[in-house]
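Here are my notes on the two-chain model, as numbered points. Please read them with the coordinates open.

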Amino acid sequence: MNISIKFLERYINLPKELTYEKIAYDLTMRTVEVEEVINTADKFHDIVVGEIKEVRSHPNADTLRICMVDVGEGELKQIVCGGSNLTAGHKVCVAKPGSEVVWHGEGEPVLLKETKLRGESSYGMICSPGEVYLGDIIATEDEREITDFTELGIDCEIGQSVAEVMGLDDVILVVDNKSLSNRPDLWGHYGVARELAAIYKLPLKELETALPEGLPEYKVTIEEPDRCPRFTATKIENIHVKESPQWMKTLIANAGMRPINAIVDITNFVLMAVGQPQHAYDSTHVQGDEIVVRLAKDGEQLLLLDEKDLDLTNDHLVICDAENPLNLAGIKGGKDDSVLDSTESIILECAVFTAPGIRRTTAYFNEKTDAALRYEKGIDTQRANLGVNMALSLFKEIYPECRITAFTDCYPIQTENVKIDITQEFLDRRLGEVLERSEIIDILTRLGYEVEFDKGTYHCMAPTWRSTGDVSIHDDILGDIARLIGYEYFRKQPLTIRFDSSVNQVKVDLARKLKEYLAFRCGFNEIFTYPWVDEKYIHAAGIKDEETVKLATPPSPEQGMLRSSLIPGMLESIVGNERYYDKFCIFESAQVFEPGEYHPSTEEETLPVHRNYLTGAAAGRDAASLFYRVKGAVENMAGYCHFEKLEFAQKEKPSWADEKAWLNLMSGDTNVGSIGLISVAALSSAGVKNLSGAAFEIDTDKLIPYPSRTNEFEHLPLYPLVEQDMSVLVDESVKWADIEGSIDKMVKEVRFVEEYRGKQIPEGKKSIMFRYKIGNDDSTMTSKQIEKKMGAIINVLQKKVGAELR
Amino acid sequence: MLDKLKDIQSQGIESIASAADVDALEAVRKELTGKRSSLQEVLKSLGSLEPDMRKSVGMKANEIKNLFSEKIQEREKELVAVASAIKGELDLTLPGTAVTAGALHPITQMCYDLNDAFRSLGFEIYSEDDISSEKFAFDNLNFAADHPARASMDTYWLEGTEDKRGNERLCLRPHLTGGSVRYLLEKGAPCRFVYPGRVYRNETTDARHERAFFQYEALIVDRDVSFSSGRVMIETILEKVFGRKVNVRMREGFFPFTEPGYEIDMECLLCGGEGCKACNQAGWIEVMPGGVIHPNVLRAANLDPDEWTGFYTNIGLDRLVMMRYGVDDVRLFHSADLRFLEQFK
């Protein structure tokens with residue numbers, strides 16, 4: 001909503017010392033955020049009134065004239081102009097050098113410079129209304145017509161700013177409609193003025209509420225009072241379509257609407273003044289001289305003003321004549337009833353429709369009109385008085401000849417003032433400080449409440465304009481008091497610290513340790529991907545559609561499935577990054593979903609199964625080394641992150657893994673995840689071009705964190721240990737685990753060093769190098785003992801795995 | 001013979017003094033005192049000398065030998081004091097050996113910074129699941145039955161549940177606040193906890209808008225707690241996160257689950273409150289909506305609103321991280337683009 005200061009000033013006298021910035025700030029802090037302050041005069045800089053003193057023809061162009069113009073700077077200025085009606089004595093718009101104008105009223109503004117046109121110098125430009133942003137409020141016959149202010153009846157002086165002359169030296173406070181949702185009383189300048197009056201303790205102009213009396217009734221029937229608690233109809237005759245007076249056009253334009261004709265403009269003006277929507281029906285189109293407010297019949301049709309054809313259902317409220325729907329109640333006018341050039345009399349509707357129905361219908365037809373926007377926030381029925389009164393006085397002012405010939409106020413339900421009690425004790429406790437009783441009463445009274453204090457309790461009656469849902473509990477009143485004092489003025493009260501328990505959350509801590517371990521120790525980069533994944537990657541990972549949870553309205557048709565694994569996201573990220581990197585490691589920690597049943601909070605609520613997954617991938621050229629890279633990260637995870645150790649086993653191949661290279665991760669008997677090379681098929685269906693990949697995935701909920709660190713201190717050896725390397729030749733089929741398992745009981749420690757195949761190694765064999773430590777517990781080993789041990793190790797290896805010393 | 005020894009001594013001292021490094025000194029030592037040194041030869045030849053001479057030459061030779069080892073030690077000390085481990089040149093401008101650590105996502109880093117700050121104030125860390133129900137995402141939070149946020153234009157409903165209601169209508173959670181009631185139902189009051197996480201909205205994306213984004217919410221529920229504590233808490237937290245005092249202001253705001261509600265703005269750190277592109281010339285950034293927990297929400301959590309009160313603070317993590325690093329496109333956070341992510345090591 002655009003709040004025009006000039007519009008506000010019709011209802012409140014804002015003191016000179018009150019700057020617009022200050023008003024914007026105070027509204028922001030206390031009521032609603034002002035997003036922008038626009039000075040409408042800014043775009044009119046260097047555009048002034050000039051008087052044409054002399055017009056002569058241009059020697060080199062038939063369509064141009066040379067004018068000598070007085071712009072209030074002493075000497076006359078020569079301006080070349082193509083206007084069709086240039087006449088000496090006319091007072092016209094002159095754009096001086098440095099101003100910005102819109103050529104022929106179209107496109108972006110351009111900066112004006114002194115120039116020559118067909119050989120004749122031209123100081124500036126004599127402009128048509130459209131060229132200086134006045135197209136909406138000054139009508140012209142054709143675009144070359146230059147407006148004469150004197151002819152329009154506008155008082156002005158030579159050299160005076162055009163913005164000032166036209167009343168466009170206004171300041172606009174821009175407020176986002178969304179932030180006004182809870183304050184329907186502010187959807188109009190009068191409401192904003194009332195709020196400012198409360199903030200600044202200023203008097204507010206009282207608006208007339210009297211309704212016409214002693215007139216014949218116009219027949220109105222409300223069949224659905226819950227949807228339409230009030231409907232007034234006024235018949236106004238002897239009017240015709242014409243332009244609105246200049247002042248009204250200006251205010252309407254400043255507040256962000258386009259002036260159309262006086263009849264429509266009056267309804268729009270009232271809308272912007274008091275937030276009360278109105279609608280004018282050409283009375284000759286209302287069949288049977290009667291209005292019926294009813295639900296549409298299923299299948300009934302309505303053609304809207306903009307030619308849109310609606311198929312109505314019986315949840316849609318319509319305003320009908322004796323026969324047919326005329327318009328969609330509170331939302332949009334129909335084609336057949338609207339004001340035409342030939343209109344001579346109207347039925348003016350000023351009605352209230354309740355919010356829920358308007359919201360449903362608006363959403364159903366996707367019709368967000370100015371009227372619907374206001375009705376769907378909730379309007380009090382009393383507001384119609386302001387609307388009728390203001391509209392009728394405007395009609396009388398603009399059409400002195402008009403006759404008001406009928407009036408009906410059909411008013412089945414009245415908005416009740418909300419009554420709320422609030423105690424002093426509650427206020428003191430929640431505000432954190434004690435306010436004077438007089439101050440509380442003063443604040444609430446300024447906001448329109450009627451307050452009585454009795455035995456520690458304030459009995460508050462909210463004004464009707466706050467009684468349509470906005471104010472309903474004592475906390476609302478607390479809020480009104482707090483914001484009007486200003487949150488910034490409350491004494492700061494630090495939080496107390498409690499010492500009765502420590503925060504000890506091992507699961508939370510484990511999640512963080514895992515991430516920090518992968519990033520800082522293993523060199524993986526954390527990524528985030530969306531929970532909806534392109535089905536291409538889901539299918540590439542071998543996941544079936546029925547294993548996923550789906551979105552009703554996905555971001556795009558191919559992103560309808562939610563992830564049941566983080567592997568698809570890994571595939572997508574490998575594709576994205578392989579354009580820039582030939583080697584990288586990434587990981588993600590997020591929830592994945594599966595159809596199933598899960599009750600996190602209550603038995604009544606059943607959610608799909610959630611798992612907290614941690615998944616990583618290493619991408620690069622050499623598949624085997626990627627596999628070991630990932631294996632290393634997983635192997636050491638339990639030790640560094642302090643949870644119960646994981647064992648490797650082959651139980652069930654993950655859908656994304658290579659035929660040969662995969663392992664499951666076991667915590668006791670529980671399968672907690674897998675590691676493996678990403679299958680060639682998965683990589684190719686995902687569109688990975690050059691790289692191989694290895695991945696791990698872990699269901700972190702299944703990890704068992706230690707409550708604290710559990711490693712036990714080990715004594716340093718009393719006697720030196722002997723460390724030796726040994727290389728043995730074994731068959732390709734022999735596994736490291738076989739070698740390690742054969743000798744681990746004989747030594748203090750054994751570690752794999754490297755595997756080697758090459759020239760010196762016979763076909764079908766491989767060389768394994770490992771390092772072991774041996775020693776006595778009670779003495780230093782002698783060289784004899786060392787030799788003996790070595791021989792024993794070779795012997796065992798020979799027997800168990802057929803190894804030969806290399 | 002004694003003259004010869006004199007020559008040996010003076011030449012020897014000279015060679016010791018001119019040895020340029022430890023290796024050269026070692027060579028000198030061998031030459032002067034080794035088995036084939038002239039001094040050794042003199043000592044070998046003692047037997048053939050007159051007994052008188054034998055004694056004085058012998059004494060002199062030993063004296064020289066001792067002198068040599070003394071001088072050599074001295075020289076060695078001098079040389080070690082100025083010695084370098086590097087023979088030849090070392091290019092000090094070559095880069096050092098690379099460190100191969102990865103990085104946490106900048107959002108995670110900010111989240112952990114906040115966790116540390118809140119933990120130090122005794123807050124627990126809680127998390128709700130990504131999928132929730134209309135009951136928890138809207139009904140419990142006092143959203144009107146026909147609130148526009150419930151529409152599929154705003155919220156991602158799950159297929160097959162979109163036309164149901166309440167507990168049976170499921171969605172990717174549109175905000176974190178629903179989790180607060182889950183916590184309260186499980187653990188009751190008094191309590192103070194934070195619940196960071198990702199939320200989802202059906203939106204058109206651009207540099208400032210995302211469909212998946214991160215929030216960080218805190219809730220305190222207690223018997224007597226004033227909303228003005230909320231501002232103090234935020235000031236404390238921001239100071240800890242940014243390492244310096246950050247000005248904040250608290251102003252009127254509206255949310256269905258609060259009454260009263262407020263917005264906490266922080267001074268724009270890019271322009272210091274002067275007004276710039278990042279803050280839309282306002283000088284303030286709207287980062288933290290909050291407010292006093294609405295009585296209806298307390299009721300949904302089986303708590304008596306006459307006994308309990310408390311306040312929410314919701315921090316827009318994306319916005320805060322964008323402020324911290326000057327990131328100008330929110331979509332980068334979900335890009336998984338390592339060229340971006342590697343900058344946050």
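1. Along the principal axes, the C-alpha atoms of chain A fill a box of roughly 130 × 85 × 60 Å.

2. A word on provenance. This is a predicted model: local features need pLDDT of at least 70, side-chain atom pairs count only at pLDDT 80 or more, and totals for chains, interfaces and linings use all residues. Residues are numbered from 1 along each chain as its sequence is written, while chains are lettered from A and ligands numbered from 1 in the order in which they are written.

3. Secondary structure next. Chain A holds 21 helices and 36 strands; chain B holds 11 helices and 9 strands. Helices (H or I, at least four residues) and strands (E, at least two) are DSSP runs, numbered from the N terminus.

4. In chain A, 42% of the 806 residues are buried; in chain B, 45% of the 345 are. Buried means 20 or more other C-beta atoms within 10 Å of the residue's own, exposed means 12 or fewer, and partly exposed is in between, with C-beta atoms placed from the backbone. Among contacts with a separation of 6 or more, residues 24 or more positions apart supply 70% in chain A and 66% in chain B. A contact is a pair of residues whose C-beta atoms, placed from the backbone, lie within 7 Å.

5. Which residues touch the most other members of the largest nonpolar core? They are A:I126, A:V162, A:A391, A:L571 and A:V630, in a core of 285 residues. Helix α7 (residues 262-274) of chain A gives the most to this core, with 10 residues. The core is a set of buried Ala, Val, Leu, Ile, Met, Phe, Trp, Tyr and Cys residues joined through C-beta atoms within 7 Å. Beyond its neighbours within four places in sequence, A:V162 contacts A:F44, A:I47, A:V48, A:V49, A:C93 and A:V132.

6. Look at α6 (246-254) of chain A. It is mostly covered, with 7 of its 9 residues buried. The buried run includes A:M248, A:K249 and A:N254. These buried residues pack against β1, α1, β12 and α7 of chain A. Just after the helix, A:G256 takes a positive phi of about 100°.

7. A:E243 sits in the loop between β14 and α6 of chain A. It is partly exposed because it has 16 C-beta neighbours inside 10 Å. Its C-alpha atom is 7.4 Å from that of A:I260, 17 residues apart along the chain. Outside four places in sequence, A:E243 contacts A:A139, A:N261 and A:A262.

8. The interface: 70 residues of chain A contact 62 residues of chain B. The chain A side has 35 nonpolar, 17 polar and 18 charged residues. Ala, Val, Leu, Ile, Met, Phe, Trp, Tyr, Cys and Pro count as nonpolar, Asp, Glu, Lys and Arg as charged, and the others, Gly among them, as polar.

9. In chain B, α1 (2-18) and α4 pack at about 5°, with axes 10 Å apart. They are therefore roughly parallel. Their contact has 12 nonpolar, 2 polar and 3 charged residues. Axes are lines fitted to C-alpha atoms, for helices over the stretch in contact, and angles run from 0 to 180 degrees between N-to-C directions. Angles under 35 degrees count as roughly parallel, over 145 as roughly antiparallel, 65 to 115 as roughly perpendicular and the rest as oblique.

10. Backbone items to inspect. The bond joining B:A189 and B:P190 is cis, with omega about 0°. B:E259 to B:P260 is also a cis peptide bond, with omega near -5°. A:E307, not a glycine, has a positive phi near 70°. A:N366, likewise not a glycine, has a positive phi of about 50°.

Technical notes:
Contact = placed C-beta atoms within 7 Å.
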